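I opened this notebook page to keep track of what I looked up, beginning with the overall fold and ending with single residues.

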Amino acid sequence: MQMLAIAVTTAVLLPGALGLAHAQAQKMRPGLWEHSVTMKSQSGQMEAAMAEMQKSLASMPPEQRRQMEQMMAQQGVGMGPKGQTMKICVTQEQADRDAIAPQQGCTQKVERINANTMKVAFSCKGGQGQPPSSGEGTVSMQGPTAYTGQFKFKTENAGKPEQIDMAQSGKWLSDNCGAIKPVPMAR
């Protein structure tokens, strides 16, 4: 479950980084975004834990499984055989300001490499049962409604150091965020 939280953290940080790096060239389009994440850990423990979570979900009685999937969907999270998805709402203000609030306890640095590619580094202190994590990678924009990214980050799993390779992509879905609430902006 910690690895899913790290994926969510990265998905929340990444759109902010994209906006910051493309102040005039390209801004993320406001609205509902879907971020797809696949991760591979050095130890293989993360993949085993995710497989166990999916197995548990699959073995639930249909009504209980539906409730669990509905609860995750209300938070914008989905789990599939090829990775996780998160839906995040980008407000007009966030798009205009080229910033989405990073998750509490996290910092980010963005360096523009060229018009469509940037280098992103992040660091999260951890807390509330989550280990500290840090990482870096590159992000390539395919216009204001899509991106891809590759990251390597370090964290801990059961008190042991862990390196994770992550591929991420994002696509704009709609002007309307529906039930998905935006990440609050710092004032």
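This is a predicted model: local features need pLDDT of at least 70, side-chain atom pairs count only at pLDDT 80 or more; totals for chains, interfaces and linings use all residues.

I then looked at the chain as a whole, where 42% of the 187 residues are buried. Of the contacts between residues at least 6 apart in sequence, 65% join residues at least 24 apart. The accessible surface is about 10,100 Å², and carbon and sulfur atoms account for 53% of that.

Next I turned to the largest nonpolar core, which has 22 residues, and noted that Trp33, Met39, Val139, Phe153 and Met166 touch the most other members. The elements that each supply at least two residues to this core include helix H2 (45-59) and strand S1 (31-41), while S5 gives the most, with four.

I followed S1 to its neighbour S3, with which it pairs in the antiparallel sense over seven bridges, and there I found Ile88 of S3 as the bridge partner of Trp33. Six of the eight residues of S3 are buried, so this strand is largely enclosed by the rest of the structure.

Last, I checked Asp96, which lies in helix H4 (residues 92-97). Its relative accessibility is 46%, so Asp96 counts as partly exposed.

Conventions
Residues are numbered from 1 along each chain as its sequence is written. Side-chain values use heavy atoms; hydrogens and water are left out. A nonpolar core is a set of buried Ala, Val, Leu, Ile, Met, Phe, Trp, Tyr and Cys residues joined through side-chain atoms within 4.5 Å. Buried means under 20% relative accessible area, exposed over 50%, partly exposed in between (1.4 Å probe, protein chains only). Two strands pair if DSSP finds at least two bridges between them. Contact means heavy atoms within 4.5 Å. Accessible areas come from the Shrake-Rupley method with a 1.4 Å probe; for residues, only the protein chains shown count as cover.
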